[in-house]
Each structure stands twice: as structure tokens, then as C-alpha cells.
Amino acid sequence: AGMVIYLDKHHGDMVIYEKNADQRMYPASITKLMTALVMVDNIPDLENTVITYTDSANLRILGTGSVILNLQVGETLSAKDALASLVIMSCGDVAYAIAEHVGGTVEGFVEKMNQKAAELELADTHFVNPVGLHDDEHYSTVREIAALMSYAMENELCRKLLSAASYTTTATDIHPYGITLYSTTFSRMSTTTFGPVSVIAGKTGYTEEARFCLATLATRPDGRE
């Protein structure tokens, strides 16, 4: 297990507590923070861009045990709704659909993920897929995941969605009333307040190899994050 807690949210600020902060570990679905960043880098108009769920994306997610939105092949989502599904409910089927849309192929998208990691100077982070499914070569460290969470919080829409307890997509051709998403972070918390500190955003992850993973942003009464 590993943990790092910063006094302020930005990577490099004072560390209050750390354990195994630089040990390579498996990030599971916290991977989707990078999937989200690559997506927003490459889709300038999230409201009006349409993402289609393909048969190839469906075949990739079948049998993995990933959380899914349960899209039908051919069903479409706005890119904004796809991003919400990705970071709020951690949907693996949507992650593959996003990867194909942005990267042309999943492999092309993963290359963009690793390029982004290099750009952000995450030297001990490497991705093999956009979902967080286990692979020995898919790893990060808790210090670099803390940095990745901080970078995600600098994007206004990512911050808003990672802070949402629930979200309902717009209507799709299969779901005329939209699809309601519930946060994998906040649905597991009986309270968001711990002493003077309140959790305001988060991303979970789990695989048998990674075990339980969590990245959060919290705020104090004085506004410090």
C-alpha cells in the first residue's frame, strides 16, 4: 500500500504524510484521469462531438469485469456525456469508445496517454490501456497519481464532473430519458466530512492486483485545498 497527502493540491507542495510514495504500483481505474485529460486535449467541442460505441470497443471490454455503462453497439453519446461516464461511474466500455474516437485505434490513444505522461514529467508512469485493466507494464506511483489528480483538477469540466455525486446524460437513441450515473467515490462514502476537512472530488479504482485505489481532493474551512 502507498499514500501521499499534500498540504496544498498542487504537485510539489508540502507533504504532510507519505508511505511508499515512489514505489511502482498498479493504478487500476485511476488510469481514467489520464484518459480524461487526453480526451479533453483532443476534443475541443465536447458538447457537439458525438462518440459511437463500436463492436470493436464492445469486444475489448467483454469478460474483463469492468464497470460498464451497458451501451449497445451503434449507440451514441455526446463527448461530454462520455467524459462524465468515464470519470463519475468509471465505465470501461466508454473508455474504449473514447480511445477509438480520439486515437483512431486504442493503441494510438494509449500512445497519446504515454506522451501526455512524459509531457507532465511523470517519469514512473506507463499505460497499456485506457481503462486501468491489469498489465504488468501498466503502472504509476502514488506521488505521480497525486500529480495527475491535480492536473485533472485544473480542467474546469473535469473538476466539475469529479465533484459530482450523480449526473444524467442527455437522451440517446437507445435511452430516451438519458442514463443516470452515480459517483463511484461518493456512493461509497457515508460522509464527506472528516474533522475540519471535506472531500470535494475523487476517483476510485479496483483490480485484484491493484486492490483498492483512491485519489481525492479535499478542502479546509479556510479554502485551502
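Predicted model: local features only at pLDDT ≥ 70, side-chain atom pairs only at ≥ 80, totals over all residues.

Student: Let us start with one residue. Where does serine 66 lie?

Tutor: Serine 66 sits in the loop that runs between α2 (55–61) and β4 (76–78).

Student: Does serine 66 count as buried or exposed?

Tutor: Burial is read from relative accessible area, and buried means under 20%. Serine 66 has 18% relative accessibility, so this residue counts as buried.

Student: Which residues does serine 66 touch?

Tutor: Leaving aside residues up to four places away in sequence, serine 66 touches Ile61, Gly92, Val131 and Leu133.

Student: Next, helix packing. At what angle do helix α1 and helix α4 pack?

Tutor: A packed pair of helices is described by the angle and the distance between their axes. Helix α1 (residues 32–42) and helix α4 (residues 92–103) pack at about 35°, and their axes are 11 Å apart. The crossing of α1 and α4 is left-handed.

Student: Which residues make the contact?

Tutor: On the α1 side they are Lys32, Val38, Met39 and Asn42, and on the α4 side Gly92, Ala95, Ile98 and Val102. Sorted by class, the contact of α1 with α4 has 5 nonpolar, 2 polar and 1 charged residues. Gly92 of α4 is also one of the residues that serine 66 touches.

Student: Now the rings. How many aromatic pairs does a search of the whole structure find?

Tutor: The search finds 1 aromatic pair. The ring centres of tyrosine 206 and phenylalanine 212 are 4.8 Å apart.

Student: Last, charged side chains. How many salt bridges does the structure hold?

Tutor: There are 9 salt bridges in the structure. To read one, look at the distance from N to O and at where the two partners lie. Arginine 143 and aspartate 22 form a salt bridge with an N to O distance of 2.7 Å. Arginine 143 belongs to helix α6 (residues 142–153) and aspartate 22 to the loop between β2 (15–19) and α1, so the pair ties together parts 121 residues apart in sequence. Arginine 143 is buried at 18%, and aspartate 22 is partly exposed at 47%.

Student: Which residue forms a salt bridge with aspartate 124?

Tutor: The partner is arginine 24, with the closest N and O atoms 2.9 Å apart. Aspartate 124 is in the loop between α5 (106–119) and α6, and arginine 24 is in the loop between β2 and α1, so this pair ties together parts 100 residues apart in sequence. Aspartate 124 is partly exposed at 25%, and arginine 24 is partly exposed at 48%.

Student: Where do lysine 116 and glutamate 119 lie?

Tutor: Both are in helix α5, 3 residues apart, which is about one turn of the helix. Lysine 116 is buried at 12%, whereas glutamate 119 is exposed at 56%.

Student: Which residues are joined into one network?

Tutor: Salt bridges with shared partners join Glu18, Asp22 and Arg143.

Conventions. Residues numbered from 1 in each chain as written. Heavy atoms only, no water. Helix = DSSP H or I, 4+ residues; strand = E, 2+ residues; numbered from the N terminus. Buried < 20%, exposed > 50% of the residue type's maximum accessible area, 1.4 Å probe, protein only. Contact = heavy atoms within 4.5 Å. Phe/Tyr/Trp six-rings, centres within 6.5 Å; stacked < 30°, edge-to-face > 60°. Axes fitted to C-alpha atoms, helices over the stretch in contact; angles between N-to-C directions. Left-handed = near helix turned anticlockwise from the far one by under 90°. Nonpolar A, V, L, I, M, F, W, Y, C, P; charged D, E, K, R; others polar. Salt bridge = Lys/Arg side-chain N within 4 Å of Asp/Glu carboxyl O.
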